[in-house]
Amino acid sequence: MLVIKDKTFQVNGVVLSYDDQGIGHLPILFIHGFPFDKSMWQPQLDFFRRTHRVIAYDIRGFGKSTAGTEEVSISLFADDLINLLDALQINKAIVCGLSMGGYILLNAISRYPERFEAIILSDTQCIADSDAAKEKRYTTIQQIEAGGLEDFVKGFVKNIFCEETLNDKNDLVEKIKNVILSTDTKTITGTLIAIAQRREMCSSLKDIKVPSLILCGKEDTITPPDQAQFLQCNILNSRLYSIDKAGHLSNLEQPDEFNQHISNFISAL
Ligand code: MLT
């Protein structure tokens, strides 16, 4: 089996790191959420590389990708995604984005619809931040700049997982904490600004013509199930599944069910 880990490609002044595993004519590409890295897709890479070519990459500044000097935005991240497809000579892919990964995916498909065979929107939403949400992010930035990442991580982790995960899956919780703590503070604060400034993508949902799968943890409080429902109602060819005993990181909290939904979706394409 073809297993390539931590490959790199250079684009627009940054070096992006990606894993590329398995074989198949229609690759599945995964975009991580904030502030994680490609390792959050390990259960999906392990499962799907047996039957498909699977790719996960680190968004600039995260994981093993360099940050560059440019101010980041969701559009810039979406450009990086298209550049990665170009570099790998992939015309079309099935692309899955979780949370901020979904923001990037919605931005990219609105501009480059021809590059997507199907999409998977996981624990994400199409709305822009409200003024209150923006304010909260700017306060978080000030707190991080004044006191570092420790307090941010404690609060963040409590919000992203459901109660059951927090009680029973300590290894997972610790792993995610460590991923966040090993991320550069400037990447975290710069990306918080990018997320706060993202534009709404709800008005482009009607233009999505490819089969779309929407997944959401039933206990996701960050991008809650009603946001997933909104996506489903407004994307023509879409299906929604809510995942029990999962919060915002449904792919890690309930990997078997998450993978099964994707597997069924892909088999029906
Ligand atoms: C994410 O998981 O990518 C973020 O929580 C998204 C957000 O804060 O809007």
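**Ligand site and surroundings**

An oxygen atom of the ligand lies 2.9 Å from an N or O atom in the side chain of Ser99. A polar contact here is a pair of N or O atoms within 3.5 Å.

Some housekeeping. This is a predicted model, where local features need pLDDT of at least 70, side-chain atom pairs count only at pLDDT 80 or more, and totals for chains, interfaces and linings use all residues. Residues are numbered from 1 along each chain as its sequence is written, and side-chain values use heavy atoms, with hydrogens and water left out.

A polar side-chain atom of Tyr103 is 2.5 Å from a ligand oxygen atom, and a polar backbone atom of Phe34 is 2.7 Å from a ligand oxygen atom. Of the 270 Å² of accessible area that the ligand has on its own, the protein covers 96%; the areas are Shrake-Rupley values with a 1.4 Å probe.

Which residues are around the ligand? They are Gly33, Phe34, Phe36, Ser99, Met100, Tyr103, Arg137, Ile195, Ile222 and His248, where near means a heavy atom within 4 Å. This shell divides into 6 nonpolar, 3 polar and 1 charged; Ala, Val, Leu, Ile, Met, Phe, Trp, Tyr, Cys and Pro count as nonpolar, Asp, Glu, Lys and Arg as charged, and the others, Gly among them, as polar.

Now two backbone details. Most residues other than glycine have a negative phi, and most peptide bonds are trans. Ser99 is not a glycine, yet has a positive phi of about 55°. The peptide bond from Phe34 to Pro35 is cis, with omega near -5°.

Last, aromatic pairs, meaning rings of Phe, Tyr and Trp (its six-membered ring) with centres within 6.5 Å; planes under 30 degrees apart are stacked, over 60 edge-to-face, and the rest tilted. The count is 8 aromatic pairs. Phe36 and Phe156 have ring centres 6.2 Å apart and planes at 45°, so this pair is tilted.

Terms used
Polar contact = N/O pair within 3.5 Å; in protein donor to acceptor, adjacent residues only side chain to side chain.
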